[in-house]
Amino acid sequence: MTILPVSRIHSASIDLLAIRDNAAVLVRRAGSRIVVADVRADAYGHGLTAVIGAAVDGGACAPDIDSAASLGPDAKFVSAGSALYGLLPDLELKPAMRVSALVVGTKTIDAGESVSYGYTWTAISRTNLALVGIGYADGLDRIASNRGSLRLRGALRRIVGRVAMNALVLDLGQDSALIGDEAVVFGDPSTGEPAVWDWASSLGRPSAEIVSVFGSHLPRVYR
Amino acid sequence: MNGPTATIDLSAYRRNLARLAERVAPAALMAVVKADAYGHGLLPVARAAVAAGVAWIGTLDIETGLELRENGIPRDVAVFTWLLGPNEDYGRAIEAELDFGVSTLSQLEAIARASVSGRARVHLKIDTGLHRNGASIEDWPGLVTRSLALSDRIELVGIWTHIAEASDGDDTVAIERFRSAIAVAERLGASVTVRHLAASAAAFGRADSRFDLVRIGAFSYGISPGGGVSPSSLRLEPVMTLTAPVIAKEEGLATLGIGYGDGIPSSAVGTVQVSIDGARFEVVSVQLDRLTVDTGDSPIQLGDTAVLFGSGTAAEPTLQEWADQLGTIGEEIVTRLSPRIRRRFLE
Ligand SMILES: Cc1ncc(COP(=O)(O)O)c(C=O)c1O
């Protein structure tokens, strides 16, 4: 498991207990059928080895052809993918991935000043901005430009201007932020954080795609 | 059966660099290799740039800069970093002789504190309108003055900015602001040798944007800005070819072993094509680890290799076509590809 250097500007943190507990819920719901963890695409970007360990702890089976076959021809299997990772709005399931990044710069601009490539957004009044160290190369889709929001200092803040390869800008209005503050793309909705399915649907993409792409690019931290 | 593969033509990359270097001369060229060299593979690309005589490499972050030094990028090649977080370990970075693009006093002070043996190489950044990083015009004199006062620990190497490429007029305004910031710094006693503003498009198009150094990412990989401008119209060659095997075949459909879990956007459905044996087919579904194309009654075989995008010389789609059809830019498509996709390097 990775211990991140303190300098880390962005990460995907993975809650292995959530995966274990989700597996247990799915095993219970499956009754006599056997739950097999769907770990394609590096476990949907959550990390193959860690996920298998957690899913097996929760009573699911690893997707190992030999052992599945040894369960006999009568065994009925049910594959657990999106549900295992908590990608569905289901009160018994918990999202396993949380994506966040730090504020790396702050700035106040005047009405009429614009932000980021192509100047696609212009302030209509004096406003505070936060530069956040995450961009499309990390998996934060460029179509979120002037559309998506991140949670920062207790509120959703709109992305203004184009999302760049490694950074984006949030409009804070009259509020302010400090360098080092954490902006959350999605996390645990039970604590008020945005849900991955809301982020995904605002961009018209499957949640599984969102977590797979973030997980394969961001440094992962396991909880 | 081979999995999905990104084939990286390093000779095309070197030719692009040579053409760009010639075009921007006498300005020097920095090869930008952030985001795993725009998804092309950091170390082989950085080594190719150095072998081609490039004296500046831009990595974005310190960690990538250190990785280059640890893997033998020599000290006479300057390695420029500019995404500086609140908790950086500058000591190691200074030891590795990295260059820092500094926007704030607190970054400057942190670098000075860590600079105990020798002087840290600093480039001060002025915000000329992009409003991301960079000191405001009000903060600029203070930042310059402080770095001069710290001259026992800070070597003021450069002054730089990054522009919006919104329009020629907007870029002209940014260039004017940059010139004023340089003049202010000189009046305060700075004598910088490396002034840099331009990335690919401005460096290519405008002599007045080039100053002493240009920072080139996209164009070196043969990624053009779109909107009708193709790489070949700039005499640049695409460097990456993305392929995937046909893993299933039935009733007019072929399934390829690559999906959105590998970084193919799910929005590829109904928008882009792939080519198999020189013929083009529409993408009809994208799933986690597979993608289906409508092959009609073409004689596609299991194990055939599909080209998702490439140089276009064999009638396959290009990255530019994908970007235009997906409503994005080539950079997003290549940087989004999973690191698990094999990179195969052609010398
Ligand atoms: C500061 C800076 N300089 C240069 C570049 C390279 O830009 P391009 O890929 O357009 O050449 C980038 C990347 O966006 C950048 O952030």
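This is a predicted model: local features need pLDDT of at least 70, side-chain atom pairs count only at pLDDT 80 or more; totals for chains, interfaces and linings use all residues.
User: Let's start with helix α1 of chain A. How many residues does it have, and what length does it reach?

Analyst: Helix α1(A) covers residues 16-30, which makes 15 residues. From its first C-alpha to its last it reaches 21 Å, close to the 21 Å expected at 1.5 Å a residue.

User: What can I look for at the two ends of α1(A)?

Analyst: At the start, look at D15(A): one of its side-chain oxygens comes to within 3.1 Å of the backbone nitrogen of L17(A). Just after the helix, G31(A) takes a positive phi of about 60°.

User: Which residues of α1(A) are buried?

Analyst: Burial is judged by relative accessible area, and under 20% counts as buried. In α1(A) the buried residues are L16(A), A18(A), I19(A), N22(A), A23(A), V25(A), L26(A) and A30(A).

User: And what do those buried residues pack against?

Analyst: Their partners in chain A are the strands β1 (10-14), β2 (34-37), β3 (77-80) and β12 (220-222), together with helix α3 (48-57).

User: What does V27(A) touch beyond its sequence neighbours?

Analyst: Leaving out residues up to four places away, V27(A) touches V35(A), G58(A), G59(A) and A60(A). Take G58(A): it is 31 residues from V27(A) in sequence, while their C-alpha atoms are 7.9 Å apart in space.

User: Now for the core. Which residues have the most contacts inside the largest nonpolar core?

Analyst: That core has 192 residues, and those with the most contacts inside it are L140(A), W199(A), F214(A) and F100(B). Our helix matters to this count too: α1(A) gives the most to the core, with seven residues.

User: Last one: where does the ligand lie?

Analyst: The ligand sits between chains A and B. Among the residues surrounding it are Y117(A), W82(B), H162(B) and R215(B). In chain B, α2 (34-38) and β9 (213-216) each supply at least two residues of this shell.

User: Which atoms lie 3.2 Å, 2.5 Å and 2.7 Å from a ligand oxygen?

Analyst: A polar side-chain atom of Y117(A) lies 3.2 Å from a ligand oxygen, and one of S200(B) lies 2.5 Å from a ligand oxygen. For A218(B), a backbone N or O atom lies 2.7 Å from a ligand oxygen. Taken alone, the ligand exposes 400 Å², and the protein buries 91% of that.

Definitions and conventions:
Residues are numbered from 1 along each chain as its sequence is written. Chains are lettered from A and ligands numbered from 1 in the order in which they are written. Side-chain values use heavy atoms; hydrogens and water are left out. Helices (H or I, at least four residues) and strands (E, at least two) are DSSP runs, numbered from the N terminus. The expected span of a helix is 1.5 Å times one less than its number of residues. Buried means under 20% relative accessible area, exposed over 50%, partly exposed in between (1.4 Å probe, protein chains only). Contact means heavy atoms within 4.5 Å. A polar contact is a pair of N or O atoms within 3.5 Å; within protein, one must be able to donate a hydrogen and the other to accept it, and residues adjacent in sequence count only if both atoms are side-chain atoms. A nonpolar core is a set of buried Ala, Val, Leu, Ile, Met, Phe, Trp, Tyr and Cys residues joined through side-chain atoms within 4.5 Å. A residue is near a molecule or strand if one of its heavy atoms lies within 4 Å of it. Accessible areas come from the Shrake-Rupley method with a 1.4 Å probe; for residues, only the protein chains shown count as cover.
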